[in-house]
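User: I'm new to reading protein models. Could you walk me through this one, feature by feature?

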Amino acid sequence: MLKATYQSKDQSTELQLKGPMDEHAAKVLSDCLPAMGKQVKIDFAEVEYFNSLGIRAWFNFLKNLLDARKITYDKCPMHFIQQINMLPSLSRGVTIRSFFVDFECESCGFETKHLFLCGVSRENLQEQMDVLPCERCQGSLKSEEDPQILLQFMG
């Protein structure tokens with residue numbers, strides 16, 4: 001079940017989510033809504049997956065959260081970025097600070113994730129994704145999703 005923990009300081013809140021974003025998420029998210037400050041940074045690093053009911057719960061939470069607040073997404077899993085690309089309303093009015101990309105080594109099959117910051121151009125991110133070496137064999141890491149498709153959320 002999804003767990004939400006948050007820390008507030010002044011008008012800022014850091015919300016950390018852990019577990020699956022599924023049919024149980026709506027209650028967890030609505031319970032923490034009253035505690036959110038004017039600036040909310042949401043850490044998705046430990047969200048395991050989003051199913052269709054979880055996407056709906058997130059959309060409803062976001063709709064309420066955006067009311068007079070500045071929202072930042074941090075450490076978005078690749079599967080959430082894929083959802084954002086299909087449903088741009090999941091990030092409308094939101095700043096995406098960083099996201100993970102899943103990679104596999106073309107030589108040895110090693111699988112890993114790499115965190116990318118959005119403070120650079122789409123082209124720069126694509127270049128960064130193209131040159132990552134495998135930490136095991138120094139072979140080439142290849143993104144599990146075409147970077148051009150994955151980076152559509154950047155406009």
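This is a predicted model: local features need pLDDT of at least 70, side-chain atom pairs count only at pLDDT 80 or more; totals for chains, interfaces and linings use all residues.

**Reading the sheets, the core and the cysteines**

Analyst: Let's begin with a sheet: you read it by the order of its strands and the sense in which they pair. Here, three strands make an open sheet in the order E7-E6-E8, and the pairing is antiparallel. Strand E7 (111-117) and strand E8 (141-143) are the edge strands, each pairing on one side only. Direction ignored, neighbouring strands in this sheet are turned by 45° against each other on average.

User: How many bridges link E6 and E7?

Analyst: Seven bridges, in the antiparallel sense, connect strand E6 (residues 98-105) with E7.

User: Which strands does E4 pair with?

Analyst: Strand E3 (residues 39-50) runs parallel to E4, and five bridges join them. Strand E5 (residues 94-96) also pairs with E4 in the parallel sense, over three bridges. Threonine 72 in E4 is a handy spot to look at: lysine 41 stands opposite threonine 72, and the bridge partner of threonine 72 in E5 is threonine 95.

User: Is strand E4 largely enclosed or open to the outside?

Analyst: To judge that, count the buried residues, meaning those under 20% relative accessible area. In strand E4 (residues 70-74), four of the five residues are buried, so the strand is largely enclosed by the rest of the structure.

User: What units do the helices make with E3, E4 and E5?

Analyst: For this, trace the path from strand to helix to strand. E3, helix H2 (residues 52-65) and E4 form a right-handed β-α-β unit. E4, helix H3 (residues 78-86) and E5 form a right-handed β-α-β unit as well.

User: Which residues touch the most other members of the largest nonpolar core?

Analyst: The largest nonpolar core has 46 residues, and Leu17, Ile42, Phe44, Trp58, Tyr73 and Phe99 touch the most other members. H2 gives the most to this core, namely six residues. Take isoleucine 42 as an example: leaving aside residues up to four places away in sequence, isoleucine 42 touches Leu15, Leu17, Trp58, Leu65, Ile71, Thr72, Tyr73 and Asp74. Isoleucine 42 also stands opposite tyrosine 73 in E4.

User: How many disulfides are there?

Analyst: Here you check sulfur-to-sulfur distances, with a cut-off of 2.5 Å for a disulfide. The count comes to zero. For cysteine 32, the nearest cysteine sulfur belongs to cysteine 76 and is 16 Å away, and cysteine 32 is in no disulfide. Cysteine 105 is in no disulfide either; its nearest cysteine sulfur, that of cysteine 137, is 3.5 Å away.

Terms used
Residues are numbered from 1 along each chain as its sequence is written. Side-chain values use heavy atoms; hydrogens and water are left out. Two strands pair if DSSP finds at least two bridges between them. Helices (H or I, at least four residues) and strands (E, at least two) are DSSP runs, numbered from the N terminus. Axes are lines fitted to C-alpha atoms, for helices over the stretch in contact, and angles run from 0 to 180 degrees between N-to-C directions. Buried means under 20% relative accessible area, exposed over 50%, partly exposed in between (1.4 Å probe, protein chains only). A crossover is right-handed if, with the strands pointing away from the viewer, the path from the first strand over the helix to the second runs clockwise. A nonpolar core is a set of buried Ala, Val, Leu, Ile, Met, Phe, Trp, Tyr and Cys residues joined through side-chain atoms within 4.5 Å. Contact means heavy atoms within 4.5 Å.
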